[in-house]
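Hi everyone, thanks for coming.

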Amino acid sequence: PDFDEQDLKGDSLSVSMFRGQVLLIDFWATWCGPCVNEMPNVVGIYRKYHPKGFEIVGISLDSNKDSLISFIEKQDITWPQYFDGQGWSNKLAGRYGINSIPATFLLDPEGRILGVGLRGEELAAAVKEAVEKLDQD
């Protein structure tokens, strides 16, 4: 589902603003070990495919904004992050039915789900394939 929120910087944030691009919606938190372990992979995929039409929206289930901002800066995470400080009660996590993290949704340029729960090499391969299709269209 789409949403109309603001990111950490106060900029408008929605799924529909990324139409025409491949989008990963990533539900995560700095206190989640598997999320933190996966982040270098996600950053690498973003750096490689962002210039070709790949975007990420992070949905943080953190409750401490300062910890989140510090982690984002240290990890050089440059994509938009949604944060409401509500932890597991995060309103977007509720809307998407998230009950464990990391949780990812890979969307095609029309907003259709290409994959759910992708990580590691599986995520890299799916993003590569989706971005290559962008080049063909």
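Predicted model: local features only at pLDDT ≥ 70, side-chain atom pairs only at ≥ 80, totals over all residues.

Residues are numbered from 1 along each chain as its sequence is written, and side-chain values use heavy atoms, with hydrogens and water left out.

Okay, strand β3, residues 22-28. Strands here are DSSP runs of E with at least two residues, helices are runs of H or I with at least four, and both are numbered from the N terminus. Is β3 buried or exposed? Seven of its seven residues are buried. Buried means under 20% relative accessible area, exposed is over 50%, and partly exposed is in between, using a 1.4 Å probe and protein chains only. V22, L24, D26 and W28 are on one side, L23, I25 and F27 on the other, and both faces are covered.

Which strands does β3 pair with? Pairing takes at least two DSSP bridges between the strands. With β4, residues 54-60, β3 runs parallel over seven bridges, and V22 stands opposite F54. To get from β3 to β4, the chain goes through helix α1, residues 33-49, in a right-handed β-α-β crossover. Right-handed means that, with the strands pointing away from you, the path from the first strand over the helix to the second runs clockwise. With β6, β3 pairs antiparallel over five bridges, and there D26 has T104 as its bridge partner.

Next, the disulfide, meaning two cysteine sulfur atoms within 2.5 Å. The structure holds one: C32 and C35, with sulfurs 2.3 Å apart. The S-S torsion is about 75°, so this disulfide is right-handed. Both cysteines are buried.

Now salt bridges: a side-chain nitrogen of Lys or Arg within 4 Å of a carboxyl oxygen of Asp or Glu. How many are there? Six by that rule. One of them joins K91 and E5 at 3.1 Å, N to O. K91 sits in helix α3 and E5 in strand β1, so the pair ties together parts 86 residues apart in sequence. K91 is partly exposed at 44%, whereas E5 is buried at 14%.

Last stop, D108, in the loop between β6 and β7. D108 is buried, at 9% relative accessible area, and forms a salt bridge with R112, the closest N and O atoms being 2.9 Å apart.
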